[in-house]
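Please walk through this structure with attention to its ring pairs, its charged pairs and its surface.

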Amino acid sequence: MCLRRARRRFVLPALLLLWLPLSLRAQIVDDSTKVLYGAKTTRVLYEADILREQYEGRIVDTTLTSIHQQRNWFHDSTFQQDLGNVGTASHRLLWQTNTQLGARLGRTVFDKYARDAATIPFYDTKSPYTFFRYNQSGVGEQVFELSYSRSIGRQANIGMAFERFASNKSVATAPGNREAMSEHNNVLFFTRFQSKDDRYHALASFGTARHRAVEQGGIRPQPTDSFPRDLFGYDRERVWLTQALNRDDRDQGRLVHTYRLLGRGLTVYHLFDWSRQLNKYTDTFTPAQRDAQGRLLFYPPAPRLSNIGTDDRAELRQLENAVGVLGRTEAVEYRLYARYRNGRLISRALVGENGLNEPGVVRPILPDATFGQLFVGGTAAFRYRSLVAVQTAGELKPSATLGQTEYWLRATARLGPLSGELLNSSYAPTLTQQRFSGNHYAWDHTVADSAFDNTNVQQLSARLAQTLGRQRLELSGSVVNIAKLVYYNQNARPAQLTGSKQLLIGTLRHWLQLGHVFADNQATYTYSPDERGVRIPRLVTNSKLYYQSYIFKKALFSQVGVEMYYQSKFKGYAYSPSTQQFYLQDAFTIRNYPLVDVYLNTDIKTVSLFLKMAYVNQYLLNKDGYFTTPYYTGLPRRFQFGLRWQFFD
């Protein structure tokens, strides 16, 4: 085991050293030393682009401003409540109306780290393009990514990517021993093709991801602890679970291709998507997890299926096909489609020592759930120069029972800097909310007397975006009405709100430049008259102040700055690792806290580097730390560094 840890510790720095000599060939030059290939000769395309017939692509992102920001290291950069470390379970902190209809597994706590096949970048390169990224911190946070893409003639491009996220335990660790907390590995293959006459375009990808996260159950307070000050001992603390592990495996293959029939006015397209998601939770019960009477302490007292440990598994396999037509002119854009999804949910669990089966047998615990679902939808947009724009979009999943019909409809209108939006949606609960059976929890909301109704949401928003000289202001406000929300209650079980709940949301973003000094501030204020079903901090802010300039005769571009994140106190969600769900609790208030980072970002041609001291304000104002989730502490003060290197040859 020690040898394995040593190999993991040195393999990524070794790869980095192997790449260093390649810097001598980072750009192709001609006899006059003029750069031929670079960021401007490499274009990025996304699925959304070809479904809007925008084939010219976008310039590769070489911006430096957010390279140090940890939220941007992963595939979801929204504000999240997590368990305080890289690779741990998380969910979005702020409200976002759901527009995903039909069958959904409802195991989303590791979505932040998984690639969405619909947003994978594809490339149009004049030369081979290689992207390399490596981030590391003093407490074991690690991000590694390497991707390669090259064109085959003028019509095709192929590529592959590998990424790894990992972290070490910061709580309940042996002195001097780095124990793994999480590890995520993802391999992706992708290709793009277009015909010589530019009428046919295709994007295809296949990715496989494996995520492992140790579950500790949070800090286990001792009778002599003074709350909360004595819970910031990190490696000296005790935790509830020592053998628990969550596993999230995902595979996905996707193909989207279009064929132009009549110029840009009429194009047909087809989308194929196959996916598989396997969630597995295991734990072996130890004497420390039981009281004097033998009852479990962290979980509900009596296990349902096995008295020796837990092995709960859920696997969802889906196959989806969509066909449609689309087109665009300078003023009008439209898309109409129909798609059909079928799938199967397989639930298994370890059964033993309770008389239900032989000890230690993993067997089906629920009948397989199969489904076939039809969706129809489309978009229509009208634009008049850059002044006026009107857009409508929506999707419908019809049902023989009117109350089970699902839909979302969005209408947006913009006049200059002002815009407004109306979003209306009705969606069914997830498959996990409807039915679940495991060693610690079980419920069934598929029968008539306990079945959940659809959740209905109406959201009205207004937005102002205006640039004034060297300032830019974005101000938005939303009124949200939520009826029959399905959520996880204080017993960690799904429940449905009676009546409706309202949210008032205001968001402000302000950019300012004064010479070489820049400020970027954003704040979101959420008000709700009660705490039923949804818990959101009333105020969430993020502010950056930095100085940027060229030095050494413009050979080096640098930013030196300070960044602060702040959220107000709230009764944050608790976390149930065996069901992989965040749920309501009323006993623990996560106090308000600021996180202050100082950083240096530098850019030398195709190489970007950052150095950061995170949470520099620890121990100030008599605060030894902070909680991200009840009994889960955030990481202490630490040094982070990162490197991003892009090769264009």
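The model is predicted, so local features need pLDDT of at least 70 and side-chain atom pairs count only at pLDDT 80 or more, while totals for chains, interfaces and linings use all residues. Residues are numbered from 1 along each chain as its sequence is written, and side-chain values use heavy atoms, with hydrogens and water left out.

Aromatic pairs come first. Rings of Phe, Tyr and Trp (its six-membered ring) are paired if their centres lie within 6.5 Å; planes under 30 degrees apart are called stacked, over 60 edge-to-face, and the rest tilted. Across the whole structure, a search finds 31 aromatic pairs. One of them joins phenylalanine 74 and tyrosine 113 in an edge-to-face arrangement, with 5.3 Å from centre to centre and 80° between the planes. Phenylalanine 74 is in the loop between strand S2 (58–59) and strand S3 (80–82), and tyrosine 113 is in the loop between strand S4 (90–92) and strand S5 (122–125), so this pair ties together parts that are 39 residues apart in sequence. The strands named here, like the helices, are DSSP runs numbered from the N terminus (helices: H or I, at least four residues; strands: E, at least two). Both phenylalanine 74 and tyrosine 113 are buried, where buried means under 20% relative accessible area, exposed means over 50%, and partly exposed is in between (1.4 Å probe, protein chains only).

A second pair is made by phenylalanine 144 and phenylalanine 162; the ring centres are 6.1 Å apart and the planes are at 55°, so the pair is tilted. Because phenylalanine 144 lies in strand S7 (residues 142–152) and phenylalanine 162 in strand S8 (residues 156–168), the pair ties together parts that are 18 residues apart in sequence. Phenylalanine 144 has 3% relative accessibility and therefore counts as buried, whereas phenylalanine 162, at 28%, counts as partly exposed. Ring pairs also link Phe79, Tyr565, Tyr593, Tyr615 and Tyr626 into a cluster.

Charged pairs are next. Side chains of opposite charge can pair when their charged atoms come close. The rule for a salt bridge is a side-chain nitrogen of Lys or Arg within 4 Å of a carboxyl oxygen of Asp or Glu. The count by this rule comes to 42 salt bridges. In one of these, aspartate 624 pairs with arginine 229, and the closest N and O atoms are 3.6 Å apart. Aspartate 624 is in the loop between S33 and strand S34 (627–629), and arginine 229 is in the loop between strand S10 (200–215) and strand S11 (244–262), so the bridge ties together parts that are 395 residues apart in sequence. With a relative accessible area of 17%, aspartate 624 is buried; arginine 229, with 43%, is partly exposed.

Arginine 313 forms a salt bridge with aspartate 311, with 2.9 Å between the closest N and O atoms. Aspartate 311 counts as buried at 10% relative accessibility. Another salt bridge joins arginine 472 and glutamate 474, where the closest N and O atoms are 3.5 Å apart. Arginine 472 is partly exposed, with a relative accessible area of 30%. A network of salt bridges links Arg210, Arg212, Arg247, Asp249, Asp251, Arg276, Glu315 and Arg317.

Two single residues follow. Glutamine 433 is in helix H3 (residues 431–434) and counts as buried, at 9% relative accessibility. Leaving aside neighbours within four places in sequence, glutamine 433 is in contact (heavy atoms within 4.5 Å) with Trp443, His445, Phe452, Val486, Tyr488 and Pro494.

Arginine 538 is in the loop between strand S27 (517–527) and S28 and is partly exposed, with a relative accessible area of 39%. Arginine 538 and glutamine 567 are 29 residues apart in sequence, but their C-alpha atoms are 7.7 Å apart in space.

What remains is the surface. Leu514, Val517, Leu545, Tyr547, Val560, Val562, Val598, Leu600, Leu609, Leu611, Met613 and Phe639 make a nonpolar surface patch of about 940 Å². The elements giving two or more residues to this patch are strand S28 (539–551), strand S29 (556–567), strand S32 (593–604) and strand S33 (607–614). Patches are made of residues with over 30% relative accessible area and no salt bridge; like charges are joined within 9 Å, and nonpolar side chains (Val, Leu, Ile, Met, Phe, Trp, Tyr) within 5 Å. Accessible areas come from the Shrake-Rupley method with a 1.4 Å probe, and for residues only the protein chains shown count as cover. S33 gives the most to the patch, with three residues.
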